[in-house]
Amino acid sequence: MTASRANSQTSRARQPKPLPDDIPPMANKAVRDRFAQFGPAYRWLLLFAMLTGSMGTLLAATTINVALPAIIGAFGLGQDQAQWMSTAFLASSTIAMLANAWAMTNYGPRATYFIAMAMFVAGSLLGAVSSSLGLLIVARAMQGVAAGLIQPMSMFLIFQTFPDKQRGTAIGIFSIGVVLAPAFGPALGGIAVDLASWRLVFVATVPLAIAALAAASFLMPDVDPDRGAGRRPLDWCGLGLLTIAIISLLSAFAGGNRDGWDSDITLLKITIGLSAAAAFYFWEKRHPFPALNPAIFAYRQFWSAGLIIAATGVAIYGSTYLIPLFVQLVQHYSPTAAGIMMIPAGLAMVVCFPLAGRLTDQVDVRFLLAFGIVVFAISAYLLSHVSALTPYWTLVFWVVLSRVGISFCMPPANTTAVRAVPPDLLASATGGASFLMQIGGAFGVNLLAILLQRRLLFHGDHLSAGLTEANPQMTYSHAMQALENQAAGMPQLQAFQTAFSEFGRQISAEASVLAFRDCFLVAALWFVFVFFALGLMPKPRLEGQSPPPASTPAEVSGTS
């Protein structure tokens, strides 16, 4: 009797739970099987698992920024070389994003997730033991590939599991992790550097990766059984052309200061990069399974939102690169203090991201985007007036303001872009949106690092030009400094020479301030341009409405 009752209870426990009424029509059988297993709470459990994995991988994108001064000192690098720590991650993640649809179609989200997280852990361990710049770049690239595979997968599964009326909220919550990672990454990196060394930065996020693996083992759906016979081929040629284009252009920009912008090697890299980019576009148009489907750019709502997505990538990764460098190199704060500066900005995003996501479901997103763009532009303009004496909390407020602006750009832009396309292009649209975010970040960090170095040289030369014997103020200041050195016990000749060194330090410090100001001003002007480009966006459609036809030249030039 007891055994019969136990068997009956076991049988009832194994029975599938009733499917929720609001499962999206586009959800495949593998996702529906998970709903049958876990019930309506499945979508939120899956969101939590994806959030944990994304935070683990994306924390690695910016933890390195606070450690850059220590790495520069350890390996004797210049700014043009050190920026590869950030751009290698972003560039590799950009390329890997385009292989995500192929991997999920052929192997399913679960296998793809496991492979990505295993590669992330391996890259983290390699970075911790690296003894050369080359190995560090390889380690960062491995971490970037993992982040690139996971990011569009998360967006795809949100659209598979959440109904349209909840997607803005879900994307807003998920985006907390996506943007909190760049916000809290510098703080984690600063603590790691101060506690041990820059090597600890590489393994600081491994525990999160392991936790995400444990959750994903039973939450991630398997391969879709209705995908049809055969496997979807990977667009190896397209990915190869894109890799050549990105690496050639990034290398050309990074090496322009050393090799000369009009040198043969720089011009050759630019020519190869542009040629590969053109070949990539025409190859994708004719390939039956393109890595980046050009069809998504035929929808005006997608490519106009894509401009905002790329601009946001420049904003978040570029500012997160510059600000920790400024407070360490110019204001001489510790790595921990430089990282903690970003925490209030992260807390602001915790509030603003869900709010922006919820408003995305209720109002015209163009108003939200305009607000976010203006707020970030104001923040960047304020940062363009920074000095070595700017108070710590004033800087914190300016950074918080920038993150409020980003919060009102990311969820509306991503949701608007993906809603633009029909269901059969959903995977391509989610991958394309993530691609635009990362490519904007990669080139944004690269170009801002090069601009910083060029303006540093420009202002250094300009300030040094006035330091001649014909300048009576300089001669007087030098004499006073030499006398002060002698009074401190220095021999006369050493005091005389050291006085000149003091002038050099002052010039270097002032040139650094002016160079950082120029970079922040360029960021502000970039968002002014983006604000006017917002006029190209039509009134976004909601799910259930027919997708608009492909854009024509008349539509692109017309008003919405």
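**Close-up 1. W526 and F529 share helix α21.** Both residues lie in helix α21 (residues 492-533), 3 residues apart, about one turn of the helix. Helices here are DSSP runs of H or I with at least four residues, numbered from the N terminus. An α-helix has 3.6 residues a turn, so residues three or four places apart point the same way. This is a predicted model: local features need pLDDT of at least 70, side-chain atom pairs count only at pLDDT 80 or more, and totals for chains, interfaces and linings use all residues. Residues are numbered from 1 along each chain as its sequence is written, and side-chain values use heavy atoms, with hydrogens and water left out.

Close-up 2. Rings of Phe, Tyr and Trp (its six-membered ring) pair if their centres lie within 6.5 Å; planes under 30 degrees apart count as stacked, over 60 as edge-to-face and the rest as tilted. The whole structure holds 14 aromatic pairs. One of them joins F297 and F302 edge-to-face, at 5.3 Å centre to centre and 85° between the planes. F297 is partly exposed, at 30% relative accessible area. F302 is buried, at 0%. Buried means under 20% relative accessible area, exposed over 50%, and partly exposed in between (1.4 Å probe, protein chains only). W526 and F529 form a stacked pair, 5.6 Å centre to centre with 25° between the planes. W526 is partly exposed, at 31% relative accessibility.

**Close-up 3. A ring cluster, and a charge over a ring.** Ring pairs link F75, W198 and F202 into a cluster. Elsewhere, R43 lies over the face of F162, 5.8 Å from the ring centre. A charge sits over a ring if NZ of Lys or CZ of Arg is within 6 Å of the ring centre and within 35 degrees of the ring normal.

**Close-up 4. S304 in helix α13.** The helix covers residues 300-329. S304 is buried, with a relative accessible area of 3%. Leaving aside neighbours within four places in sequence, S304 is in contact with L536, M537 and P538. Contact means heavy atoms within 4.5 Å.

Close-up 5. Helix α15 (residues 343-360) has 18 residues. The helix reaches 25 Å from its first C-alpha to its last, close to the 26 Å expected at 1.5 Å a residue. The expected span is 1.5 Å times one less than the number of residues. A kink of about 25° lies at V350, shortly before the proline P354. The bend at a residue is the angle between axes fitted to the seven residues ending there and the seven starting there. Buried residues of α15 include A345, M349, C352, F353 and A356.

**Close-up 6. L383 in helix α16.** L383 belongs to helix α16 (residues 365-383). At 5% relative accessibility, L383 is buried. Leaving aside neighbours within four places in sequence, L383 is in contact with I323, L395, W398 and F520. The C-alpha atoms of L383 and R517 are separated by 6.9 Å, though the two are 134 residues apart along the chain.

**Close-up 7. Q453 in helix α19.** Helix α19 (residues 426-464) holds Q453. Q453 is buried, at 17% relative accessibility. Q453 and A515 are 62 residues apart in sequence and 7.7 Å apart in space, C-alpha to C-alpha.

Definitions and conventions:
Helices (H or I, at least four residues) and strands (E, at least two) are DSSP runs, numbered from the N terminus.
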